[in-house]
Amino acid sequence: MQLLRRVYQFGSTKHRFASDIKSTNRQKMNLFQAINNALDIELGANPKALLFGEDVKFGGVFRCSQGLNEKYGTDRVFNTPLCEQGIGAFGIGLASVGYTAIAEIQFSDYIFPAFDQIVNEAAKFRYRSGNQFDCGSLTIRSTWGAVGHGALYHSQSPEAYFAHTPGLKVVVPRDPIQAKGLLLASIRDKNPVIFFEPKALYRNAEDEVPLDDYELELSKAEVVQQGKHITLIGYGTQIRVLKEAAKLAEKDGVSCEIIDLQTIYPYDGQTLVDSVKKTGRCIISHEAPQTCGMGAELSAFIQEKCFLHLEAPIKRVTGYDTPFPLVHEPIYLPDKFKIYEAIKQSVNY
Amino acid sequence: MKHFMRFSKISNAFKEVPSQYVYQIDPIKNFEPIKQFRVIDLEGNLIAKEYNNIPKETLNQIFDLMISIEEMDNLLYMSQRQGKISFYMTSFGETATTVGTTAALQPQDFIFPQYREQGSFMWRGFTIEQIVNQCIGNHLDGGKGRQMPVHYGSKDLNIVTVSSPLTTQVPQASGAGYGFRVNGENKIAATWFGEGAASEGDFHSAMNFAQTLKCQTLFLCRNNHYAISTPTDDQFRGDTIAGKAPAYGMRTLKIDGNDLLAVYNGVKYAREQIIKNKEPFFIEFITYRIGDHSTSDHSVLYRSQEEIDSWKSGNNPINRLGLFLKKQGLRQFNDDHDNQIRKDVRNRVIAALKHGSEQQSPSIQDLFTDVYDEVLPHLQEQYTELRQHLTKYKDQYPINKFKGGL
């Protein structure tokens with residue numbers, strides 16, 4: 001793994017992996033604090049950066065923008081009216097005239113009114129104008145994934161809808177250190193990025209997060225655990241579940257390699273291919289429903305590139321093809337036992 | 001605020017204000033329409049003398065452009081019928097709105113168009129050749145041949161590229177106008193949309209955001225009475241579109257859109273107000289779409305020729321301006337001069353069509369560029385795959401149509 005260091009105008013350093021960051025200047029932070037820190041750094045370094053969305057001014061319903069309005073003022077950190085299609089469009093307009101627009105959609109379950117603006121406008125702005133215009137300085141942050149009691153409308157993982165849209169990038173961090181670096185990279189990327197934040201991890205995930213201005217490379221997957229017998233691919237909250245399943249499998253003598261996709265689209269296919277060529281087996285796991293989820297795309301891609309290396313069919317362990325339930329959540333989720341079972345079936349194929 | 005609270009919290013505490021209450025049911029039932037601002041009448045006579053303030057040279061340039069666009073539109077419409085371009089949208093009857101507005105704006109103002117604003121583009125210097133090349137989609141098109149005809153855009157002229165989804169540009173202009181305000185810029189974001197487009201949800205979002213967040217945005221509604229075949233009676237109730245704007249707390253003008261002097265003065269006033277108050281402004285132009293919606297439309301299927309003619313001869317922006325100029329002695333030229341302008345435009349369009357049709361399309365690689373700021377690995381791979389395929393089956397594809405071929 002090469003250490004990539006480039007110093008940017010804001011004094012930011014760019015890394016491929018969090019483990020490359022040698023900084024000792026760290027602080028214990030949970031996910032929302034890491035997000036807050038990233039936003040604070042960008043607002044401080046970039047006078048053209050603006051942060052807005054519903055309830056952003058008082059600190060946000062998940063505290064991600066805590067203290068930022070007091071620090072940077074209401075022109076730069078502000079509430080919008082309750083209108084997701086407006087938030088998306090407003091962000092595109094700002095970005096098209098050179099501002100760094102960081103738009104917040106409170107729950108990704110409510111991103112759909114902005115779908116037209118995101119898919120038909122943001123994603124195509126550069127292409128359709130022959131590169132005369134772009135909205136690359138737009139980032140849309142939105143909360144994502146199961147939280148234990150969210151049901152249909154506070155639990156969705158809609159990444160697949162956006163991964164099907166050329167011109168967008170889609171990113172999902174797994175913990176605070178990744179979140180800060182990936183968010184800063186997303187904001188500074190010259191393309192519109194949708195950054196999904198696993199709400200279940202806002203308080204639960206903690207780490208010693210470097211206080212520096214640093215970015216982690218987009219479209220690079222990370223092998224978070226090396227293994228020999230099978231490749232497990234996931235992202236966001238699901239990485240924890242994969243780790244738990246791997247522990248169960250380890251007792252059976254099965255060594256699991258776990259890959260965090262990090263950037264959902266465009267994804268790092270090479271890392272996946274290298275791994276599956278080594279292990280010969282693969283499981284992809286996500287909370288989102290099975291049909292046409294990211295598992296479907298990655299299965300198709302991997303079997304195309306690794307067909308002769310596969311010892312077993314690629315298995316997807318995902319949410320069912322139902323709306324996200326309430327009381328059924330514990331049996332809906334692709335938990336460690338379902339993944340463990342899939343590992344066993346794959347290894348014994 | 002009298003009480004500045006420590007954490008800048010707004011207080012919505014209850015306060016009894018007796019004047020807020022009435023003690024009988026008296027609903028709002030009358031929707032008194034806002035009157036249209038007008039300077040000249042239908043025969044070009046000057047009514048509102050204090051608005052006769054546009055420089056003579058500007059007025060003549062505007063008139064020249066309006067008749068030029070009429071000729072260009074005519075020819076490009078016919079060229080579609082002849083198969084030279086695939087599609088076109090004329091702007092007959094509406095050029096006082098677009099040309100007059102753009103003349104009253106500043107060059108640094110960003111325009112977010114809908115699709116019928118060739119008047120805005122051309123006032124700022126977009127050429128006949130640029131229009132024709134975009135309609136053909138050849139390698140000279142600034143948009144790299146990616147969009148259907150009339151989807152122009154120009155970074156140099158601060159006019160954001162047209163996109164087909166309606167009304168999407170309107171809340172984007174709210175965003176841009178916000179940026180201009182917080183950065184203290186002497187710039188506004190001016191956005192065009194039709195009365196039909198104003199039915200979309202994006203219109204409401206845009207208006208609410210612009211006024212609530214104080215954006216330097218100018219809303220320009222061309223009410224031309226039809227959205228394709230849908231007349232205004234099937235589109236909305238209440239007092240046209242302008243009637244909605246005060247409900248957002250926004251300053252509003254309704255203007256006779258076929259009166260060039262009213263358009264120019266109204267827009268100039270609106271721009272000054274936006275910069276002074278740092279708040280948006282709404283203008284609705286009442287005009288009429290004399291031509292079909294597009295080359296895919298045949299409007300006599302849903303409206304009568306009598307109706308069209310009532311506007312074409314009764315309330316025509318070019319006629320009214322021309323009569324005004326003549327009556328005021330502002331037009332030094334005679335009809336021969338105007339006919340020559342028209343003839344020159346026709347020849348130029350014909351030459352542009354000929355030259356444009358001889359050009360190649362953008363390169364094969366331009367299928368894959370500009371999706372992102374760089375051609376990312378997965379797109380490189382797909383491009384390579386395509387090249388291999390085209391090489392193998394080269395006789396089955398018009399390879400040489402693309403600049404650079406394979």
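This is a predicted model: local features need pLDDT of at least 70, side-chain atom pairs count only at pLDDT 80 or more; totals for chains, interfaces and linings use all residues.
Chain A is assigned two domains, domain 1 covering residues 29–216 and domain 2 covering residues 222–348. Their C-alpha centres are 26 Å apart. In the contact between these domains, 30 residues of domain 1 of chain A meet 24 residues of domain 2 of chain A. The area buried between domain 1 of chain A and domain 2 of chain A comes to about 2100 Å², and 59% of this area lies on carbon and sulfur atoms. On the domain 1 side, A146(A), A163(A) and R174(A) account for 26% of the area buried against domain 2 of chain A, more than any other three residues.

Two salt bridges are counted between domain 1 of chain A and domain 2 of chain A. Ten residue pairs are in polar contact between domain 1 of chain A and domain 2 of chain A, both residues being at pLDDT 80 or more. On the side of domain 1 of chain A that touches domain 2 of chain A, at least two residues come from each of α6 (159–163), β7 (169–171) and α7 (176–188) of chain A. The most is given by α6(A), with four residues. This side of domain 1 of chain A consists of 19 nonpolar, eight polar and three charged residues.

Chain B is likewise assigned domains: domain 1 spans residues 36–358 and domain 2 spans residues 364–401. The centres of domain 1 of chain B and domain 2 of chain B, taken over C-alpha atoms, are separated by 38 Å.

Between the chains, 46 residues of chain B and 45 residues of chain A take part in the contact. The size of an interface is often given as the accessible area lost when the parts come together. For chain B and chain A the buried area is about 3600 Å², with 60% of it from carbon and sulfur atoms. The residues of chain B that lose the most area to chain A are Q172(B), F209(B) and Y372(B), which together make up 18% of what the chain B side buries.

Two salt bridges are counted between chain B and chain A. In a salt bridge between E381(B) and K305(A), the closest N and O atoms are 2.8 Å apart. Polar contacts across the interface of chain B and chain A involve 23 residue pairs, with both residues at pLDDT 80 or more. Two or more residues of the chain B side that touches chain A are given by each of β2 (110–112), α5 (169–182), α6 (201–212) and α11 of chain B. The largest share, ten residues, is from α5(B). By class, the side of chain B that touches chain A has 17 nonpolar, 19 polar and ten charged residues.

H378(B) belongs to helix α11 of chain B, which runs over residues 377–392. Leaving aside residues up to four places away in sequence, H378(B) touches Y265(A) and P266(A) of chain A as well as Y372(B) of its own chain. Y372(B) is also among the three residues of chain B that lose the most area to chain A. The relative accessibility of H378(B) is 24%, so H378(B) is classed as partly exposed.

Technical notes. Residues are numbered from 1 along each chain as its sequence is written. Chains are lettered from A and ligands numbered from 1 in the order in which they are written. Side-chain values use heavy atoms; hydrogens and water are left out. Buried means under 20% relative accessible area, exposed over 50%, partly exposed in between (1.4 Å probe, protein chains only). Contact means heavy atoms within 4.5 Å. Domain bounds come from an automatic or database domain assignment. Buried area is the accessible area (1.4 Å probe) that two parts lose on being put together, summed over both. A salt bridge is a side-chain nitrogen of Lys or Arg within 4 Å of a carboxyl oxygen of Asp or Glu. A polar contact is a pair of N or O atoms within 3.5 Å; within protein, one must be able to donate a hydrogen and the other to accept it, and residues adjacent in sequence count only if both atoms are side-chain atoms. Ala, Val, Leu, Ile, Met, Phe, Trp, Tyr, Cys and Pro count as nonpolar, Asp, Glu, Lys and Arg as charged, and the others, Gly among them, as polar.
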